[in-house]
Amino acid sequence: MRPEEIAAYIGAAAWLPQIGTWLYRYFATPHVTIIPARSAELGFTALGPILNIRLAFSSDRRDAIVNEFRIRLTHEDGDQHEFRWVGMKEIFSEITDEEGNRQVVSKDQTPIAFKIGTDILLEKFVRFQEPKFDQTTNKLFTELLTHFRFLKENDPDFVNKTLQSKQFKDFVKAHMEAFWWKHGKYTLTFHMESPRKLILEDKKFYFTLDQIDIEELRHNLTTVEQDISNKVNSNLLNHSPKKIIWNWRHPSIIPEE
């Protein structure tokens with residue numbers, strides 16, 4: 001073998017580790033781990049059942065692209081509900097001055113897709129809502145809006161007539177019937193989808209609500225009607241809306257053994 005051939009073989013062999021790394025990264029399946037904060041924020045508003053939680057994400061082997069993210073809650077009696085992500089917030093820094101005032105630098109993100117890298121732990125505050133609620137109330141909202149516009153064009157007393165209408169009462173009633181929080185243990189599992197295959201660590205967590213939690217959340221049902229009324233009454237000149245205060249609960253998130 002000539003010296004130049006030997007040199008060519010040696011040069012090619014030097015590329016083998018790098019080529020192996022490229023092939024590994026191309027064919028490897030990312031393994032994603034989700035670590036929740038110690039507590040979640042849950043409630044019920046005019047948007048229906050809500051679950052917000054700060055999460056940390058990590059990926060092994062290769063970066064992961066996530067384009068769908070859901071949480072499934074299963075009550076101890078078997079009742080199941082699914083939440084879908086509707087928004088994310090990434091906090092970059094928090095500064096507190098000597099007087100205790102806090103300034104937060106953050107970025108809101110529309111839930112289209114996000115990447116979990118292998119080099120750094122990603123932390124985000126994720127807002128979840130129940131798709132089933134929208135599927136139930138969207139038709140009723142359209143009927144209410146159509147009736148409101150008709151009255152606005154034909155009746156000077158359109159605001160009061162809207163608040164007294166069947167469409168308004170049906171819309172409010174749908175919110176009342178959508179309240180399903182109850183005391184007891186809820187098991188929480190995460191579910192992700194990706195344009196490429198990924199493996200999500202199959203780990204479960206749980207939280208517990210007591211009767212006081214449920215009673216506090218039920219107070220929001222009255223607030224829901226007031227919130228919807230405020231939006232209708234905003235069409236009156238010089239209208240002063242009643243202040244809306246939502247009750248939230250912050251149960252501890254515990255890993256299941």
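A salt bridge is taken here as a side-chain nitrogen of Lys or Arg within 4 Å of a carboxyl oxygen of Asp or Glu. By this rule, Lys166 and Asp170 form a salt bridge, with 2.5 Å between the closest N and O atoms. The structure is a predicted model, in which local features need pLDDT of at least 70 and side-chain atom pairs count only at pLDDT 80 or more, while totals for chains, interfaces and linings use all residues. Residues are numbered from 1 along each chain as its sequence is written, and side-chain values use heavy atoms, with hydrogens and water left out.

**Overall architecture**

- The chain contains five helices and 14 strands; these are DSSP runs numbered from the N terminus, with helices (H or I) of at least four residues and strands (E) of at least two.
- Of the 257 residues in the chain, 35% are buried; buried means under 20% relative accessible area, exposed means over 50%, and partly exposed lies in between (1.4 Å probe, protein chains only).
- Among contacts (heavy atoms within 4.5 Å) with a separation of 6 or more, 72% involve residues 24 or more positions apart.
- The chain exposes about 16000 Å², of which carbon and sulfur atoms supply 52%; accessible areas come from the Shrake-Rupley method with a 1.4 Å probe, and for residues only the protein chains shown count as cover.

**Salt bridges within helices**

- The chain has 14 salt bridges.
- Lys166 and Asp170 are four residues apart in helix H4 (residues 166-177), a separation of about one helical turn.
- Lys166 is exposed, at 58% relative accessible area, whereas Asp170 is partly exposed, at 24%.
- Asp227 pairs with Lys231 in a further salt bridge, the closest N and O atoms lying 3.0 Å apart.
- These two residues, Asp227 and Lys231, are likewise four positions apart, in helix H5 (residues 211-233), and about one helical turn separates them.
- Asp227 is buried, with a relative accessibility of 13%, while Lys231 is exposed, with 53%.

**A salt bridge between strands and its network**

- Glu82 forms a salt bridge with Arg70, in which the closest N and O atoms are 3.5 Å apart.
- Because Glu82 belongs to strand E6 (residues 80-96) and Arg70 to strand E5 (residues 68-75), the pair ties together parts that are 12 residues apart in sequence.
- Arg70 is buried, at 16% relative accessibility, and Glu82 is partly exposed, at 28%.
- Both residues belong to a network of salt bridges that links Arg70, Arg72, Glu82 and Glu193.
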